[in-house]
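Hi,

Here is the structure I promised to pass on. Have a look at it first, and then read on for what turned up when I went through it.

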Amino acid sequence: MQLVFQLIFIAITITAVWLFAKKISQIRRNILLGVDETLSDNKSERWKNVLLLAFGQKKMFRNQLVAVMHFIIYAGFIIINIEVLEIAIDGLFGTHRIFSKPLGSLYPWLIDAFEFLAVGVLTVCVIFLLRRNALHVKRLWMKELNGWPKSDANYILITEILLMSFFLTMNAADTTLQLRGYGEYKNHLTGNFTFSHFLQPVFASMSDQSLMILERTCWWLHITGIFAFLNYLPYSKHLHILLAFPNAYYTRLEPKGKLENMPEIQNEVLYAMQPELAPTEAVPNHKKFGAKDVFDLSWKNLLDAYSCTECGRCTAACPANITGKVLSPRLIMMKTRDRAEEVGRNINQNKSFADDNKTLLHDYITPEELRACTTCQACVEECPVSINPLDIIVQLRRFLVMEESNAPQEWNAMFSNTENNFAPWKFSPDERDKWTEA
């Protein structure tokens, strides 16, 4: 019977790892659909960003209470899953708590620490569930989160509560069977663990056989739950658990207010001011200005989209959104990711991308959203994992204006004045200093 369980465990493990690897490879392919961009300079500063922003969650600590709770979930869940190594070895080889004897007196201390973290994770997840669904924090209750995004966040929190409950119940049942000297459990005496010890009286009336079934059930639910969680991540906003690290490393290091200039446009201005510098030979066809679809964005833009936590801090800080305009930086990232996923499904179905008569601009993101942006950088400053919605907005807006000549009349007047008078105002350059004579 034990051999059957081992084979089942091996089959589940291989399936879970294969499905996860397959989906991650598809996401990697989707990200690399973007234009190449080199972000490998100043490695020391990049590793510093990984340590402070991804590991240390530096930006979260602007709200210290929420930051501490988030850190408990993050650190607790990651550290507790170190135990998965022991569970995996036990499942593969049919052993039970294989590390208990080699680690000796250190083992109870280690599992005890895991239990403290498990209770912390469980408690904070309950608080976050109430915060989302009872307190109705505004940025977590906007209409752009209706449907799947809101459910996604709740599913993750409920899953973490269940996984921690299985872990604590498994330990309580295990140590109770050890105290009773039942079967194989008497050969792995670990002593009591702090929190599961409080659960032992609940099981006092249960028979040894029932208690063993409970312990094994929780063991299986805990490990299969982790495998299910692993394969849910790539379809969820919680993929940021993994992508926050590369996204922090590859963040742009230039000052936030610096926008990428287009040399072609700079040269046009230069030639207008100094015609003698203009080339006499024919100018080759220009490259596309701005971006219309995900293929025109850089791979870093697409990595940003997949790294988005949908926390809404960017939107909560956006002055355009605050004043009632349709722009939501969070929704810009969500729509970009949705378009990248749609393109990915297209490629999966057709082996290569087949034109679907859709684009990120217009079909997903509207000109009205783009025009509302003031380029104030508030969204960039607020993001906990160094996402830059503004870069996507600027590139899409450049395409609107420079490729489609699609701009409000007020903008067109300013562009015309700049082209003819070298300033946004309708004054001749020769008369620009007349005011000094008054």
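One cut-off before anything else: a residue is called buried under 20% relative accessible area, exposed over 50%, and partly exposed in between. Asn192 has a relative accessibility of 37%, so it counts as partly exposed. Please also keep in mind that this is a predicted model.

**Asn192 and its loop**

Staying with Asn192 for a moment, you'll find it in the loop between helix 7 (148–180) and helix 8 (194–199). Its C-alpha atom is separated by 8.2 Å from that of Ala172, although the two are 20 residues apart along the chain.

**Two helix pairs**

Helix packing comes next. In general, two packed helices are described by the angle between their axes and the distance between the axes.

Take helix 6 (residues 106–133) and helix 7: their axes come within 9 Å and cross at roughly 150 degrees. That angle makes helix 6 roughly antiparallel to helix 7, because anything over 145 degrees is put in that class. As for the hand, helix 6 passes helix 7 in a left-handed crossing.

Then there is helix 1 with helix 15 (residues 329–350), whose axes come within 10 Å and cross at roughly 110 degrees. Helix 1 is therefore roughly perpendicular to helix 15. The crossing of this pair is right-handed.

Met1, Val4, Phe5 and Ile8 make a nonpolar surface patch of about 390 Å². Of these, Val4 lies in helix 1 (residues 2–31). The relative accessibility of Val4 is 42%, so Val4 counts as partly exposed.

**Salt bridges**

How many salt bridges does the structure hold? The count is 19.

Start with Glu381, which forms a salt bridge with Arg62, with the closest N and O atoms 2.9 Å apart. This one links distant parts of the chain: Glu381 belongs to helix 18, while Arg62 is in the loop between helix 2 (43–55) and helix 3 (64–80), and the two are 319 residues apart. Glu381 has a relative accessible area of 32%, so it is partly exposed. Arg62, at 46% relative accessibility, counts as partly exposed too.

Glu381 has another partner in Lys256, and their side chains meet in a salt bridge at 3.7 Å, N to O. Again distant parts of the chain are linked: Lys256 sits in the loop between helix 10 (240–249) and helix 11 (263–273), 125 residues apart from Glu381 in helix 18. Lys256 counts as partly exposed, at 38% relative accessibility.

Now for Arg339 and Asp356, whose side chains meet in a salt bridge with an N to O distance of 2.9 Å. Arg339 lies in helix 15 and Asp356 in the loop between helix 15 and helix 16, so the pair ties together parts that are 17 residues apart in sequence. Is Arg339 buried or exposed? Arg339 counts as buried, because its relative accessibility is 0%. Asp356 is partly exposed, with a relative accessible area of 22%. The pair also belongs to a network: salt bridges that share partners join Asp293, Arg339, Glu342, Asp356 and Lys358.

Asn357 has a phi near 60 degrees, which is a positive value in a residue other than glycine. Like Asp356, Asn357 lies in the loop between helix 15 and helix 16 (360–363). With a relative accessible area of 67%, Asn357 is exposed.

Gln377 is also not a glycine, and its phi is positive as well, near 80 degrees. Look for Gln377 in the loop between helix 17 (367–371) and helix 18 (378–382). Gln377 has 11% relative accessibility and so counts as buried.

**Where to click**

Cheers

Conventions. Residues numbered from 1 in each chain as written. Predicted model: local features only at pLDDT ≥ 70, side-chain atom pairs only at ≥ 80, totals over all residues. Heavy atoms only, no water. Patch = residues over 30% accessible without salt bridge, like charges linked within 9 Å, V, L, I, M, F, W, Y side chains within 5 Å. Areas by Shrake-Rupley, 256 points an atom, 1.4 Å probe, with all protein chains shown as cover. Salt bridge = Lys/Arg side-chain N within 4 Å of Asp/Glu carboxyl O. Helix = DSSP H or I, 4+ residues; strand = E, 2+ residues; numbered from the N terminus. Buried < 20%, exposed > 50% of the residue type's maximum accessible area, 1.4 Å probe, protein only. Axes fitted to C-alpha atoms, helices over the stretch in contact; angles between N-to-C directions. Parallel < 35°, antiparallel > 145°, perpendicular 65-115°, else oblique. Left-handed = near helix turned anticlockwise from the far one by under 90°.
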